[in-house]
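Have your viewer ready and try each task before reading on.

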Amino acid sequence: MSIEEAILVHLRVLPPEKQQEVLDFAEFLRLKTVNPKPLNLTPQSSLGERLRQIRGRIVASGTPLLNREELEKEVASRRGGIENKEE
């Protein structure tokens, strides 16, 4: 089994938020390499390209990205407050 196949086996059993962390880490490692090979991921708009660049800088800086729950709280706070949700 190749390294790529082994990674895919492990990746497939992770929940989506952990899969995103793996993707973020892989992107971080790629950005740390000298002269990283550009990926063939073309955003659909100039805004998409700008957001991808910002995200890449955040990942490269080592700052952790927000998970879905943290993101929802951030959006709610910027929209005028956080509702108390009972879980």
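## Exercise 1: A pair within helix 4

Lys73 and Glu69 lie four residues apart in helix 4 (residues 68-78), a spacing of about one helical turn. This is a predicted model.

**Task.** Find out what kind of contact the side chains of Lys73 and Glu69 make, and how exposed Lys73 is.

**Solution.** 
1. Start with the contact: the two side chains, Lys73 and Glu69, form a salt bridge at 3.4 Å, N to O. That falls inside the cut-off, which is 4 Å between the nitrogen and a carboxyl oxygen.
2. Lys73 has a relative accessible area of 44%, and Glu69 is at 44% relative accessibility.

## Exercise 2: A pair within helix 2

**Task.** Work out how far apart Glu21 and Lys18 are along helix 2, and at what distance their side chains meet.

**Solution.** 
1. Count along helix 2 (residues 16-32): Glu21 and Lys18 are three residues apart, again about one helical turn.
2. Now check the side chains, which meet in a salt bridge with an N to O distance of 3.4 Å.
3. Finish with accessibility: Glu21 is partly exposed at 44%, and Lys18 is partly exposed at 37%.

## Exercise 3: A pair between helices

**Task.** Which side chain forms a salt bridge with Arg55 at 2.0 Å? Is that partner, Asp24, buried or exposed?

**Solution.** 
1. The partner is Asp24, whose side chain meets that of Arg55 in a salt bridge (2.0 Å, N to O).
2. Asp24 has a relative accessible area of 11%, so Asp24 is buried, while Arg55, at 25%, counts as partly exposed.

## Exercise 4: Confidence

**Task.** Which helix has the lowest confidence, and which the highest?

**Solution.** 
1. Begin with the whole protein: the average pLDDT is 80, and 80% of the residues score at least 70.
2. Then compare helices. Confidence is lowest in helix 3, with a mean of 83, and highest in helix 1 (residues 3-12), at 90.
3. Keep one caution in mind: where pLDDT is low, predicted coordinates should not be read in detail.

Technical notes: Residues numbered from 1 in each chain as written. Heavy atoms only, no water. Helix = DSSP H or I, 4+ residues; strand = E, 2+ residues; numbered from the N terminus. Buried < 20%, exposed > 50% of the residue type's maximum accessible area, 1.4 Å probe, protein only. pLDDT = per-residue confidence, 0-100.
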